[in-house]
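Please open the model in your viewer and keep the selection tool at hand.

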Amino acid sequence: MAKISPLLYLFLLSISTSLQLTSACTCTFFQSPSTLRCSNCTEIPSYHDPRSITHLDLSSGSNTLTNALTSNTFINKGFFTLKHINLSHTEIGDIDMDAFLGIKELREVTLDLSYNSISFLRMTRFTNPKVLNLRGNPIESLDLGWLATELSELDLSNCSLTKIPPGAPFINSHLARINLDSNRLTSLPWTEIRNMNFLKELSLKDNPWRCDCQMYFLREYLLNRRGLDISSEVVCASPPELKGRRLSSIPMGELYCPLENKGLIGDVSEDMVRLQCLTEGLKEPEVEWHQGTLGREDLLVSQPGISIYNVPLPTPENYRQLHRFRWESVLEISANNSAYEGPWQFWCTAKNMYGIRSRELSLTRPTPTAQPLPRQPVYIRSTPAPKEIVTQ
């Protein structure tokens with residue numbers, strides 16, 4: 001049997017040791033602060049003295065925790081005293097809402113979940129950390145729990161947001177700092193941040209903002225309620241005449257209100273079809289009514305049996321300050337007009353210099369009411385004089 005030279009033996013041993021080290025979850029302990037830093041893990045690691053660890057760092061880029069954050073994950077491993085949890089770049093997709101349950105003083109914990117694949121996140125008021133970093137996740141839904149008083153800082157930067165996630169995650173919260181930098185936000189209605197009595201910082205840089213009266217309203221709301229001035233951070237991407245300008249340099253009169261179609265309702269009877277189309281904007285729009293499709297051949301105009309008229313509606317003072325007004329367009333079709341025969345699909349299209357908005361409504365033709373048969377007298381000749389009997 002051939003002998004293996006000592007040098008070859010050492011070489012093979014080194015290869016074997018290297019493979020073993022790179023394929024297993026390995027952790028290194030650092031004294032100050034008490035930190036456990038791990039790599040090549042597919043789950044939250046085990047440690048012989050987990051209660052001594054205050055910082056857990058799995059952000060090396062070699063960890064894969066795709067389905068690792070199940071209920072009670074950390075207390076099952078004995079990590080009761082964590083203060084800082086860094087799980088960035090770990091390919092996390094799903095997180096159980098009770099994954100962090102049981103950690104002592106969770107309201108003082110900083111939780112870094114940045115640059116993962118999290119699209120839906122639901123927390124409870126008992127599992128909210130103090131700082132939550134979701135930067136670089138494709139967030140679609142975010143539920144921070146009812147009365148989430150513990151969470152004070154939230155990072156949603158670089159999450160490709162086109163609007164605030166549904167569920168009103170900010171309203172009535174105790175958030176002091178929100179980072180919405182580097183998203184695709186064009187508008188932020190002030191109603192999304194109402195009743196935020198603890199807000200101290202709102203970062204809105206690097207978004208393609210549409211500078212209109214809604215953005216002005218947001219600026220004034222934050223300035224008057226929280227003493228925050230966002231105007232220097234907001235750079236307009238639209239409309240074209242304001243592109244590249246900072247919100248702080250634009251007078252209120254140049255921030256127009258985009259046209260909006262706020263509703264289309266209809267009422268039908270055997271005598272008439274009546275529709276009401278509500279619009280809001282800076283200048284009164286031209287309104288067209290179509291029947292069936294939006295084609296020019298289906299355009300309805302005033303004529304005998306068809307009445308079309310516009311009515312200005314009362315406008316609250318705060319709307320007037322923002323150059324925003326309301327109008328109602330009414331369409332009435334009498335039963336003696338051929339349009340009453342259908343089709344019963346109607347379109348309201350409003351347009352002015354600031355936009356075009358259309359809305360469609362389908363109605364059901366009422367069933368004609370059955371008319372009772374007229375009463376007919378019936379005569380019998382069994383008596384000398386005729387006697388009238390009325391049939392039922």
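Select E16 and E20 together: these strands run antiparallel and are joined by six bridges. Strands here are DSSP runs (E, at least two residues; helices are H or I, at least four), numbered from the N terminus, and two strands pair if DSSP finds at least two bridges between them. The model is predicted, so local features need pLDDT of at least 70 and side-chain atom pairs count only at pLDDT 80 or more, while totals for chains, interfaces and linings use all residues. Residues are numbered from 1 along each chain as its sequence is written, and side-chain values use heavy atoms, leaving out hydrogens and water.

Next, select Glu 286, whose bridge partner in E20 is Lys 351. Lys 351 also stands opposite Ile 356 in E21. Strand E20 (residues 345-352) pairs with E21 in the antiparallel sense over eight bridges.

Return to strand E16, residues 286-291. How many of its six residues are buried? Five are, which leaves the strand mostly covered; buried means under 20% relative accessible area, exposed over 50%, partly exposed in between (1.4 Å probe, protein chains only). Two bridges link E16 to E17, again antiparallel, and Trp 289 stands opposite Leu 300 in E17.

Now display the four strands of this open sheet, in the order E17-E16-E20-E21 with antiparallel pairing. Strands E17 (299-300) and E21 (355-362) form the edges, each pairing on one side only.

Finally, colour by pLDDT, the predictor's confidence in each residue, from 0 to 100. The chain averages 83, and 84% of the residues score at least 70. Over residues 6-23 the pLDDT is below 50, and this stretch has four contacts (heavy atoms within 4.5 Å) beyond near neighbours in sequence. Where pLDDT is low, the predicted coordinates should not be read in detail.
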